Amino acid sequence: MKTCGEVLAGYLDAYGVEVVTGIPGTHTIELYRGIPATRMRHITPRHEQGAGFLADGYARVSGKPAACITVSGPGAFNIATAMGQALQDSVPMLVISADNATFEQNLGQGRLHETSHLQRAMESCSRWSHTVMRPDELPQVMARAFAIFHSERPGPVHLTLPLDVITADASHVPVEVWPLPSRPAPAPEALARALALIESCESVVIAAGGGARDAAASLRRLAEKLDAPVTVTHNAKGVLPPDHPLLVTASPSYRPVRDLYAAADLIIGVGTEFSETDYDFFFDGGFDLAGTAVLRIDLDSAQLARNVRPEVALCADAGYALEALCERVAAKNGPGVSRVAAVNKASRAMDPAGYREFLACIQEALPGAVVVGDSTQPAYFSASCYEPPEPRLFASAATGYGTLGYALPAALGAKLGRPDRAVVSLNGDGGIQFTVNELATAVEANIPVAIVIWHNHSYGQIAANFRDAGMEPIACDIFSPDFVRLAQAYGCEARRAANLKEFREALRSSSAASLPTVIEVVESDFIA
């Protein structure tokens, strides 16, 4: 006999899942039975939130979903925060939670991990949440999950399996992969309206979001053909190389970039939400495209009806839409390069030099590294100070849901997804303490990443917000352990860097290490 849990593992393997994260529990034992017979690697984190962040980091750099296994109740609710981050940033992951048997649910009998209506509870952090009631559902349930990952706006999918379903006989259920649905191409009439709009405008700016990162080549061709400056959100970094003359190397929240938008007569938004955390990060309410024509391209039709009203809305895969535009649009000659140069010069004057030099040091020491940022000062400034050489080499929790503790476990996942790349995790001394226990995961699983701790003995950004509100900071000065000794206790390499030279040397040393390397830097040594 093969149980439903055993067959489910076979399905994950058949759909190409390479990494499974989870903390085995009493209710999930049968979900593990089939894993040894697959090609999947299981990683055991020290907290379910870490499991979710690890899956997030893996998916961001690889574009492929990982799977997470949790118990009901605390396990599912612990991972919900990580799912919320992934939901807002359109990151695919499959979360599978065991639950009490169908005949034991919602009776309030005090059973282990008992949760009323777990499926409904997880809907708010999922693209789709479903309870599997019999093994025969597996073929269609798995087909739908992977259709969401491949052909829709991706995000977390949550499956609940009651214990009696997990252990049910599924020997008769074939492991059959359904063909993935094609992604939508632009409708001819909408494409014609978009071309007419572009032809009627002289000054075009492209606003690229995370939905454009897998269409970088097409976006570059269109930008060059239209002589259009390109702005990027956190999740779009790398769609143009750092030295491209049309790349605006500044946050869309900066005044010079907003002035660039205001001077244009057309904004082409590609896979971007035009959301607060990318376009109004300082919460000053100054982002406004009123009076400027907007062409929006997005895979998600609902997104085309949020935040910014478009003159034309193309509901399509970004790559298909951009290729269609490139083939048909007439070339434009304009001052795009000179406008970008002026915006970049004005924006650089707004950034403290120390952050720019600190972030540049990472690429100097580890060219092509993946950089994963938490909610910490260097990660905030990376929105305008840091440009990776290609897409999917940067991730940050400072956008979207804005969770703390993201960077360390997400960096572990990123290394699993791109073992050929060095990976750097940027953490604050506050945020690292949310998930510092995942150092044990990194050592146990032999995942060599560089873990940078930006130490200012404070929740620095929140303290600044207090002062901006005319208040003395409250509860922002935090105690921190000796991070070097703590890392060594976990079995990591560890050192402090007092200047850029020592920081560069520490990063280079980390690339040759077989274990994770913790590098502590004190903010006052780098920022005057």
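A residue is called buried here when its relative accessible area is under 20%, exposed when that area is over 50%, and partly exposed in between, with a 1.4 Å probe and protein chains only. The structure is a predicted model, in which local features need pLDDT of at least 70 and side-chain atom pairs count only at pLDDT 80 or more, while totals for chains, interfaces and linings use all residues. Residues are numbered from 1 along each chain as its sequence is written, and side-chain values use heavy atoms, with hydrogens and water left out.

By that definition T131 counts as buried, because its relative accessible area is 14%. T131 belongs to strand β5, residues 128–131, where strands (E, at least two residues) and helices (H or I, at least four residues) are DSSP runs numbered from the N terminus. Leaving aside residues up to four places away in sequence, T131 touches Q119, E137, T160 and P162, a contact being heavy atoms within 4.5 Å. With Q119 there is also a side-chain polar contact of 2.8 Å; the term denotes a pair of N or O atoms within 3.5 Å, of which, within protein, one must be able to donate a hydrogen and the other to accept it, and residues adjacent in sequence count only if both atoms are side-chain atoms.

Two backbone positions come next. Most residues other than glycine have a negative phi. H117, in the loop between β4 (93–99) and α5 (118–122), has a positive phi near 55°, and this residue counts as partly exposed because its relative accessibility is 35%. D227, in the loop between α9 (216–226) and β8 (230–232), has a positive phi of about 50°, but counts as buried because its relative accessibility is 12%.

The model holds 20 aromatic pairs, which are rings of Phe, Tyr and Trp (its six-membered ring) with centres within 6.5 Å, called stacked if the planes are under 30 degrees apart, edge-to-face if over 60 and tilted otherwise. One of them is the stacked pair of F274 and F287, at 6.1 Å centre to centre and with 20° between the planes. Elsewhere, ring pairs join Y355, F358, F381, W454, F503 and F526 into a cluster.

Charged side chains also meet rings, where NZ of Lys or CZ of Arg must be within 6 Å of the ring centre and within 35 degrees of the ring normal. R144 lies over the face of W128, 4.1 Å from the ring centre, and the charged end of K237 sits over the ring of F394 at 5.9 Å from its centre.
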